[in-house]
Amino acid sequence: MSSKHEFNSHMKWALNIVNSKEDIEDKILLLDYHMNVIKYDLKHTYLSDLPKPYTEPINLTFPLCYYDEDNTYKSVVTDQYKQIDLSKDIVVTKPHNKFKLVEALHILKRNEFIFDNDNHKGYYFPGMDVTLICNGFHSITAGIINKKGIIMVQICDDIELFGHLYTDGNYFYNIHTRKAICEVDDVKLAVLYSLASQKQRLEYTTFY
């Protein structure tokens with residue numbers, strides 16, 4: 001199944017829910033269910049994708065900025081931080097070196113996880129309720145596997161993006177110009193973003 005077809009299948013399901021005669025609270029509940037399925041799938045995709053002996057680190061690309069309707073540049077990276085529990089929170093990390101992962105697993109098996117502000121980097125997206133790791137892949141992966149460790153990551157206001165960016169499963173686009181911003185690395189991330197956007201609209205309808 002192509003990424004575009006997979007994305008469209010998820011969106012068809014979501015739109016059927018949004019356009020149904022269910023109560024708004026039930027619609028939100030079903031979208032939450034769908035989002036949780038995607039989040040766990042996204043997380044475990046890379047944990048189960050065993051790293052090779054030597055490969056370069058690869059980050060999942062996700063827009064951290066946008067241009068609004070006035071063509072003004074806006075960043076969604078805030079100066080706020082969130083505490084993330086590696087034993088239970090949804091954290092997406094891509095270990096890329098088998099030997100580094102084995103070493104980190106041995107260390108964590110015998111010792112407590114120690115947060116390193118210079119090494120452990122990531123972004124938390126409250127709308128999607130997911131953390132994407134951009135540095136410290138192997139020790140963080142070991143923390144997830146051993147169910148121990150707390151890290152601090154920067155908060156990115158992805159909810160602010162909803163009114164300015166959309167995706168078709170292949171690319172992220174600027175809503176105002178229809179121009180492609182960046183390619184989608186993993187269709188599950190595009191699905192999650194779109195579901196979170198749909199959920200936010202329903203929540204806005206509920207409260208306003």
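This is a predicted model: local features need pLDDT of at least 70, side-chain atom pairs count only at pLDDT 80 or more; totals for chains, interfaces and linings use all residues.
Trainee: Let's start with the overall fold. What makes the radius of gyration of the protein chain agree with a compact globule?

Mentor: Set the two values side by side. With 208 residues, a compact globule would come out near 17 Å, and the protein chain has 18 Å, so the two agree. The C-alpha atoms fill a box of roughly 55 × 40 × 35 Å along the principal axes.

Trainee: And what is the secondary structure inside that box?

Mentor: Six helices and 10 strands. Among contacts between residues at least 6 apart in sequence, 74% join residues at least 24 apart. Buried residues make up 44% of the 208.

Trainee: Now aromatics. How many pairs does a search of the whole structure find?

Mentor: Eight aromatic pairs. One of them is Phe 162 with Tyr 193.

Trainee: Why is the pair of Phe 162 and Tyr 193 called edge-to-face?

Mentor: Two values settle that. The centres are 5.2 Å apart, and the cut-off for a pair is 6.5 Å, so the rings count as paired. The planes make an angle of 65 degrees, and over 60 counts as edge-to-face, therefore that is the label.

Trainee: What parts does this pair tie together?

Mentor: Phe 162 sits in the loop between α5 (158-161) and β8 (165-167), while Tyr 193 belongs to helix α6 (residues 187-207), so the pair links parts that are 31 residues apart in sequence.

Trainee: How do you know whether Phe 162 is buried or exposed?

Mentor: Buried means under 20% relative accessible area. Phe 162 has 6%, so Phe 162 counts as buried. Tyr 193 has 2%, so Tyr 193 counts as buried too. Both residues also belong to a cluster linked by ring pairs, made of Phe 62, Phe 125, Phe 162, Phe 172 and Tyr 193.

Trainee: Over to Trp 13, then. Why is Trp 13 called partly exposed?

Mentor: Trp 13, in helix α1 (residues 3-18), has a relative accessible area of 33%.

Trainee: Which residues does His 34 touch?

Mentor: Leaving out residues up to four places away in sequence, His 34 touches His 10, Trp 13 and Leu 195. His 34 lies in helix α2 (residues 24-47). Its relative accessible area is 6%, so His 34 is buried.

Trainee: Last topic: backbone angles. What makes Asn 71 worth a mention?

Mentor: Most residues other than glycine have a negative phi. Asn 71 is not a glycine, yet has a positive phi of about 65 degrees. Arg 178 likewise has a positive phi of about 65 degrees without being a glycine.

Trainee: Where do Asn 71 and Arg 178 lie?

Mentor: Asn 71 is in the loop between β1 (65-67) and β2 (73-75), and Arg 178 is in the loop between β9 (171-174) and β10 (180-183).

Trainee: How do you know that Asn 71 counts as exposed?

Mentor: Exposed means over 50%. Asn 71 has 57% relative accessibility, so Asn 71 qualifies, and Arg 178, with 55%, is exposed as well.

Methods:
Residues are numbered from 1 along each chain as its sequence is written. Side-chain values use heavy atoms; hydrogens and water are left out. Helices (H or I, at least four residues) and strands (E, at least two) are DSSP runs, numbered from the N terminus. Buried means under 20% relative accessible area, exposed over 50%, partly exposed in between (1.4 Å probe, protein chains only). The radius of gyration is taken over C-alpha atoms; the globule rule is 2.2 Å times the number of residues to the power 0.38. Contact means heavy atoms within 4.5 Å. Rings of Phe, Tyr and Trp (its six-membered ring) pair if their centres lie within 6.5 Å; planes under 30 degrees apart count as stacked, over 60 as edge-to-face and the rest as tilted.
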